[in-house]
Amino acid sequence: EDLAYGGAGVSRHENYVVFVEGVVPGDRVLARIVKRKASHSVARVEEILRPSPVRIQPRCPLQSHCGGCVWQALPYDEQLKVKERIVEDSLARIGGLGEPPLEPIEPSPQVWRYRNKMDFTFGRDETGRPILGYHYPGRFDRIFSVKRCLLQPEAFDFVLEAVDEWAQTCGLPPYDPKTHDGILRTLLLRRSDADGRWLAALLSKTADVKNRIESLGELLAKTAPGFA
C-alpha cells in the first residue's frame, strides 16, 4: 500500500507490517518471508501476480540487482508523492511535530545523468576475469560488471568501458577483500558541470604500479574530452 524510507514496499496483515523489496504501491505479489521480528517481517517477491497500474518498466537493465535506483519502476511524479509522505511521517511520528507545514517538493529538471561523482570497484566475475563495477547489495566481496549507468554523465560510460579493457590487460590483479591479495581497488570519477572537465583517481593496495598507471592516463585522455 505504500513505500517506506529506503524503497521497501509496505504491506500489512491485520496490524502486522511486512516490508517487501522490489514492489510499488498497488502491486499484488506472492512473497516469501525471509526475516521475522516481533514488530515486522521482511519478505522477497517470488512473483508479481498483478502489477500496479502505476508500475513502469525500469530504464536500466541492472536495476533488478543493483540496489542503486530502487524506485525506477515508479514514475518520477509518483516518487515525489511518496517522498513527501515519508518526510511528513518522519517529522510527525518520529519528530513529534504533529502536522508540520510542508511545501511541495520541487521536481528536478534533470532526472537522469545528474551525478558528478561516481566510484567503481575492481573485482572478478564467475570465470575469474577482471571486471569493474558495483557491489551486489549487502555484499562486500562480490562485484558485477557495469558498462553503463544512467546516473552518471554519458562520457563516463565510455570511460568505464576503456578502464575495464585496461584492467584486463595491464597485468595488475584486482584486490580481493577476503584474501587481501591483488592491487586494483577502486576507480573514482568526478566531473565539473561548470566547465566539463573531469578527473579520475585510481585507488590501489600499493603504490608500486610501475609504469602501468601512465598507460591508463594516456588511454583516458583519448577516451573522453576534458580529462584532467
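Biologist: Where does Glu14 lie?

Modeller: Glu14 sits in the loop between β2 (9-13) and β3 (16-20). Strands here are DSSP runs of E with at least two residues, helices are runs of H or I with at least four, and both are numbered from the N terminus. This is a predicted model, in which local features need pLDDT of at least 70 and side-chain atom pairs count only at pLDDT 80 or more, while totals for chains, interfaces and linings use all residues. Residues are numbered from 1 along each chain as its sequence is written, and side-chain values use heavy atoms, with hydrogens and water left out.

Biologist: Thanks! Why is Glu14 called exposed?

Modeller: Exposed means over 50% relative accessible area, buried means under 20%, and partly exposed lies in between, with a 1.4 Å probe and protein chains only. Glu14 has 70%, so it is exposed. Its phi is near 55°, a positive value in a residue other than glycine.

Biologist: And what makes His180 partly exposed?

Modeller: Its relative accessibility is 44%, so His180 counts as partly exposed. His180 lies in the loop between α3 (154-169) and β9 (184-191), and its phi, near 65°, is also positive in a residue other than glycine.

Biologist: Let's go to Ser52. Why does Ser52 count as buried?

Modeller: Because its relative accessibility is 6%, Ser52 falls in the buried class. Ser52 belongs to the loop between β5 (40-50) and α1 (63-66).

Biologist: What does the side chain of Ser52 reach?

Modeller: The side chain reaches the backbone oxygen of Pro25 at 2.7 Å. A polar contact is a pair of N or O atoms within 3.5 Å; within protein, one must be able to donate a hydrogen and the other to accept it, and residues adjacent in sequence count only if both atoms are side-chain atoms. The 2.7 Å pair involving Ser52 and Pro25 is therefore within the cut-off.

Biologist: Which residues is Ser52 in contact with, leaving aside neighbours within four places in sequence?

Modeller: With contact meaning heavy atoms within 4.5 Å, the partners of Ser52 are Val24, Pro25, Gly26 and Asp27.

Biologist: Which residues does Ala73 touch, not counting those up to four places away in sequence?

Modeller: Ala73 touches Val24, Val54, Arg55, Ile56 and Pro58. Ala73 is placed in the loop between α1 and α2 (76-94), and with 7% relative accessible area Ala73 is buried.

Biologist: Now the strands. What is the order of the open sheet of five strands?

Modeller: The order is β1-β2-β3-β5-β4, with mixed pairing. β1 (2-3) and β4 (28-36) stand at the edges because each has a single partner strand, so one side of each is left without a neighbour in the sheet.

Biologist: How do β4 and β5 pair, and over how many bridges?

Modeller: Two strands pair if DSSP finds at least two bridges between them. β4 and β5 have eight, in the antiparallel sense, so they qualify. Val29 is bridged to Ile48 in β5, and Arg36 to Ser41. A hairpin of three residues connects β4 and β5. β3 and β5, by contrast, run parallel and are joined by four bridges, with Phe19 partnered by Val42.

Biologist: Finally, what is the volume of the largest pocket?

Modeller: It is about 820 Å³. On a 1 Å grid over the protein atoms alone, a pocket is an open set of points where a 1.4 Å probe fits, with protein on both sides within 12 Å along at least five of seven lines, and lining residues have an atom within 4 Å of a point. Grid points are joined across faces, edges and corners, and the volume is the space filled by probe spheres set on the points. Of the 29 lining residues, the closest to the centre of the largest pocket are Glu21, Gly22, Gln63, Ser64 and Val70. The elements giving two or more residues to this lining are β4, β5 and α1.
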